[in-house]
Amino acid sequence: MVKKMCCIGAGYVGGPTMAVMALKCPDIEVVVVDVSGPRIDAWNGDHLPIFEPGLDEVVKARRGKNLFFAADVERHVADADIVFVSVNTPTKTRGLGAGKAADLAYWESAARMIAGASRSGNKVVVEKSTVPVRTAEAVEKILVHNAHGVEFQVLSNPEFMAEGTAVADLLRPDRVLIGGRDAAAVQTLKDVYLRWVPVERIITTNLWSAELSKLAANAFLAQRVSSVNAISALCEATGADVTEVARVVGEDPRIGGRFLDAGVGFGGSCLQKDTLSLVYACECGGLPEAAGY
Ligand SMILES: NC(=O)c1ccc[n+]([C@@H]2O[C@H](COP(=O)([O-])OP(=O)(O)OC[C@H]3O[C@@H](n4cnc5c(N)ncnc54)[C@H](O)[C@@H]3O)[C@@H](O)[C@H]2O)c1
């Protein structure tokens, strides 16, 4: 029985995700923690640190009841049955893989902190951040080596919400993905989502498929925008109108019309960061042709 959930990282993903969970699970205490005091103060104030349609209403409906924002990271992690980790995973700027690989320093420090703060029982640790495939293996090693009599189960539950439609996406997700090897832990998290997500929209996979699916989905989206941008250049050279061409192409149900707007490149930091991370994984895996593609 889950009594308390904690999310490390009160950012763009952690804040809205946990606010919606608190709304849908009024009997579960939900605490979002962050090392940044000003960020926590903003979540507790009148002006939330991010704007998303509908977010104010959700936060104000549950804050102080079963939704809390706190800087007291270790205490809340220690008490929680489920710990979500939603810290930032930017592209590395130096060292091995600079410019391509994801920087897992924040994640590793969060994992060490979870192991150090947890003292008894079982704990489910959920990867919410977008991470390179097989990160869970490294996370498990950190947790096991630093544990004090606690058994940890690691799950991958990447977030597919998009900025601008975060609350709507979280309330009615097109899919929820849970990867894990411990069936009981997977079921525990699935039961949380089942309170508002239809069962057919909850996909369970192995850990590595879940980690990789998120990167693959963003790479497909990036590729789609790159394709329409290439056609746009050809339109300019030939007198065709890219809006008209995109509409005709998108009417084919195998292609679909969404996400076919030409622009200056692909927007949103995640598409570029996650595609680079996938390229790096291909290179490290001895797959230069896949990386080049
Ligand atoms: N922003 C999006 O639309 C989006 C969508 C899907 C997935 N993601 C992924 O989700 C993850 C989080 O993204 P975000 O946009 O929420 O990032 P963010 O930068 O908005 O928030 C991350 C927060 O984590 C905190 N933090 C870092 N290390 C910490 C630690 N050890 N203990 C406590 N707090 C710590 C930071 O202070 C920061 O407030 C990334 O992996 C990102 O790729 C983002």
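Cys270 is found in helix α11, which comprises residues 269-284; helices here are DSSP runs of H or I with at least four residues, strands are runs of E with at least two, and both are numbered from the N terminus. The model is a predicted one, in which local features need pLDDT of at least 70 and side-chain atom pairs count only at pLDDT 80 or more, while totals for chains, interfaces and linings use all residues. Residue numbers start from 1 along each chain as its sequence is written.

The UniProt record, an unreviewed entry, places the feature "active site" at Cys270; UniProt positions are given in the numbering used here, feature names are shortened, and such annotations may be inferred rather than shown by experiment. Cys270 counts as buried because 21 other C-beta atoms lie within 10 Å of its own, the rule being that 20 or more such atoms make a residue buried, 12 or fewer make it exposed, and anything in between makes it partly exposed, with C-beta atoms placed from the backbone. Once neighbours within four places in sequence are left aside, Cys270 is in contact with Thr130 and Asn218, where contact requires that the two C-beta atoms, placed from the backbone, lie within 7 Å.

His47 and Cys270 are 223 residues apart along the chain, and 25 Å separate their C-alpha atoms.

Seen as a whole, the protein has twelve helices and eight strands. Its C-alpha trace spans about 65 × 45 × 40 Å along the principal axes. The radius of gyration is 20 Å, in agreement with the value near 19 Å that a compact globule of 293 residues would have; this radius is taken over C-alpha atoms, and the globule rule is 2.2 Å times the number of residues to the power 0.38. Of the 293 residues, 37% count as buried, and 75% of the contacts between residues at least 6 apart in sequence join residues at least 24 apart.

The chain is divided into domain 1 (4-205) and domain 2 (213-292), with bounds that come from an automatic or database domain assignment. Taken over C-alpha atoms, the centres of domain 1 and domain 2 are 29 Å apart, and 13 residues of domain 1 are in contact with 13 residues of domain 2. The side of domain 1 that touches domain 2 consists of eight nonpolar, three polar and two charged residues, where Ala, Val, Leu, Ile, Met, Phe, Trp, Tyr, Cys and Pro count as nonpolar, Asp, Glu, Lys and Arg as charged, and the others, Gly among them, as polar.

The unreviewed UniProt entry also gives the annotation "domain: UDP-glucose/GDP-mannose dehydrogenase N-terminal", covering residues 4-191. Over residues 4-191 the chain is 39% helix and 18% strand, and its end C-alpha atoms are 14 Å apart.

The ligand is surrounded by 25 residues, of which Gly9, Gly11, Tyr12, Val13 and Ser129 are the closest; a residue is near a molecule if its C-beta atom, placed from the backbone, lies within 6 Å of it. Helix α5 (residues 105-117) gives the most to this shell, with three residues. By class, the shell has eleven nonpolar, ten polar and four charged residues.

Phe259 lies in the loop between α10 (242-250) and α11, and its 14 other C-beta atoms within 10 Å make it partly exposed. Apart from neighbours within four places in sequence, Phe259 is in contact with Leu221, Arg224 and Val225. Most residues other than glycine have a negative phi, whereas phi of Phe259 is near 65°, a positive value. Arg134, a residue in the loop between β5 (122-127) and α6 (135-146), also has a positive phi, near 80°. With 13 C-beta neighbours inside 10 Å, Arg134 counts as partly exposed.

Finally, Ile203 belongs to strand β8 (residues 202-205) and is partly exposed, with 13 other C-beta atoms within 10 Å. Ile203 touches Arg175 and Leu177, if residues up to four places away in sequence are not counted, and its C-alpha atom is separated by 19 Å from that of Ile82, 121 residues apart along the chain.
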